[in-house]
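Hi there,

Here is the structure I promised to pass on to you. Please have it open while you read the notes below.

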Amino acid sequence: MNKTAALTFAALLFGAATASAAVTVDYYNKDSQKHSFEAICSGSKYTLEVNGSTTGASTIQGSAPCKVKHAGGEITLTGGEKIEIKDGKITLR
């Protein structure tokens, strides 16, 4: 493999690893208000935002696992979970 091909291959691998650095969850927010929860992913702070009275998906841009603080304490999310929000508390469905 020549040097250009090797550099191109390395750039593609790095790009793929960077693109997958996100945690997406499906949610059902029973509260009428929008919530913004603090999330710590690999030592960096992010925000998990969910709209009020809706079902949807939300993405935290950090890499898994992410510890999310909510009114009921803290929950760890790795991506693909289905969560429910009621009274500002997050539970797994």
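This is a predicted model: local features need pLDDT of at least 70, side-chain atom pairs count only at pLDDT 80 or more; totals for chains, interfaces and linings use all residues.

Residues are numbered from 1 along each chain as its sequence is written, and side-chain values use heavy atoms, leaving out hydrogens and water.

Let's begin with the sheet. Strands here are DSSP runs of E with at least two residues, numbered from the N terminus, and two of them pair if DSSP finds at least two bridges between them. Four strands make an open sheet, ordered β4-β1-β7-β8, with mixed pairing. Because β4 and β8 each have a single partner strand, one side of each is left without a neighbour in the sheet. β7 (residues 82–86) pairs with β8 in the antiparallel sense over four bridges, and Ile-85 has Ile-90 in β8 as its bridge partner.

Now look at Ser-58 in strand β4. Is Ser-58 buried or exposed? Ser-58 is buried, at a relative accessible area of 8%; buried means under 20% and exposed over 50%, with partly exposed in between (1.4 Å probe, protein chains only).

Finally, the loops. Ser-42, between β2 and β3, has a positive phi near 50° and is exposed at 54%. Pro-65 sits in the loop between β4 and β5, and the peptide bond from Ala-64 to Pro-65 is cis. For background, most peptide bonds are trans.

Enjoy exploring!
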